[in-house]
Amino acid sequence: MNRLVPFHLTVVITSAFSDSTESLFHSNPLSRIMTDIFGMIMSDAASGEKAIHEIERDDGYAHESLGSQYTAPFSEWNECEKLASVEVKGKILDIGCGAGRAALHFQEKGHEVVGIDISQAAVDAARQRGVREVHLMSADELDFPEGTFDTVLLFGNNFGVLGEEERIVSMLKDLHRITKPDAVILAATRDAADTDNPKHLAYHETNRSHGIPIGMVKIRLKYKGYIGDWWTLRMVDEEEMSIIAERSGWQLVKTYGPRSLYVGVLKKK
Ligand SMILES: C[S@@+](CC[C@H](N)C(=O)[O-])C[C@H]1O[C@@H](n2cnc3c(N)ncnc32)[C@H](O)[C@@H]1O
């Protein structure tokens, strides 16, 4: 298996949603590499497919996840994101907007919303579903004028979408610049320690032994015979989120939802 040292990943692979089910992963020798596999899933979900895919961790642990969660109406969102929505105000930046689940909802509520995603197919899917402004842009290359946004969404587990802590800090510093003084960031993530699954607990130990945060996971997606590239996702507990926020000019002022899947509310210090 293609392992990138030192990430012997140790935590439950997390979709941001609770309807994922663990399954056995069977490798498919005919699988083809697909660099925009997220886009494929978003595109199919936007066309009404369930888009069931596998999320594989680099230790071989895998579970199934539904792509249709990325087009779910507000009533089917996770409780934490629903609750945190009361904090949304003004002009919104939706980072890693996917098929535009959140962007579309808040646009329909009358907000001006800008979605960005690193996947061209996801950008296309969001546009096709009606999100008015979507850009192909990475979270670590935010190209907007100072003081543009009132609210930043990092929904669907996207607080740690950039993986390494320094990249997350850098993104938060950029967000400090391109948001208004009283802006909020709504950051969805999971506390990886909230599990009693022996496989995950064993991996936590491995991560610890390598000096890696337990919520750092290296994963890839498998869908319709395609395999995506490996990438790293960081999940954080509240204390870690607070430390990362403080390093970036933000502070964690509140959380919504249980630690297994919560939204942290960040405001400027
Ligand atoms: C788990 S999905 C969440 C989608 C959406 N936020 C939601 O909750 O429905 C993650 C999304 O982040 C996008 N993404 C991954 N890395 C990114 C990056 N560096 N910059 C912007 N988007 C990224 C993926 O293409 C994908 O659409």
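## Exercises on a predicted structure

Asn-157 sits in the loop between β8 (149–154) and α5 (165–178). Helices (H or I, at least four residues) and strands (E, at least two) are DSSP runs, numbered from the N terminus. Residue numbers start at 1 in each chain and follow the sequence as written. The model is predicted: local features need pLDDT of at least 70, side-chain atom pairs count only at pLDDT 80 or more, and totals for chains, interfaces and linings use all residues.

**Exercise 1.** Is Asn-157 buried or exposed?

*Solution.* 
- Step 1: recall the rule. A residue is buried if 20 or more other C-beta atoms lie within 10 Å of its own, exposed if 12 or fewer, and partly exposed in between, with C-beta atoms placed from the backbone.
- Step 2: apply the rule. Asn-157 has 21 other C-beta atoms within 10 Å, so it is buried.
- Step 3: look at the backbone. Although Asn-157 is not a glycine, its phi is positive, at about 70°.

**Exercise 2.** Now try Ala-51: in which loop does it lie?

*Solution.* 
- Step 1: locate the residue. The loop that holds Ala-51 is between α1 and β3.
- Step 2: count neighbours. Ala-51 counts as buried because it has 23 C-beta neighbours inside 10 Å.
- Step 3: check phi. Ala-51, which is not a glycine, has a positive phi of about 50°. Just after α1, Gly-48 also has a positive phi, of about 95°.

**Exercise 3.** How many residues of α1 are buried, and what do they pack against?

*Solution.* 
- Step 1: count. Ten of the ten residues of α1 are buried, so the helix is largely enclosed by the rest of the structure. Among them are Phe-38, Met-40 and Asp-44.
- Step 2: list the partners. The buried residues of α1 pack against β3 (52–57), α4 (120–128), β10 (216–223) and β11 (226–227). Here, two residues are in contact if their C-beta atoms, placed from the backbone, lie within 7 Å.

**Exercise 4.** Which way do the residues of β6 point?

*Solution.* 
- Step 1: start from a general rule. In a regular strand the side chains alternate between the two faces of the sheet.
- Step 2: sort the residues. Val-113, Gly-115 and Asp-117 point one way from β6, while Val-114 and Ile-116 point the other way.
- Step 3: ask about burial. Five of the five residues of β6 are buried, so this strand is largely enclosed by the rest of the structure.
- Step 4: find the neighbour. Strand β5 (residues 92–95) runs parallel to β6 and is joined to it by four bridges; two strands pair if DSSP finds at least two bridges between them. Opposite Ile-116 in β6 stands Ile-95.

**Exercise 5.** How many residues surround the ligand, and of which classes are they?

*Solution.* 
- Step 1: count the shell. The ligand is surrounded by 23 residues, and the closest are Gly-96, Gly-98, Ser-119, Ala-139 and Gly-156.
- Step 2: sort by class. The shell has 14 nonpolar, seven polar and two charged residues. Ala, Val, Leu, Ile, Met, Phe, Trp, Tyr, Cys and Pro count as nonpolar, Asp, Glu, Lys and Arg as charged, and the others, Gly among them, as polar.

Terms used
A residue is near a molecule or strand if its C-beta atom, placed from the backbone, lies within 6 Å of it.
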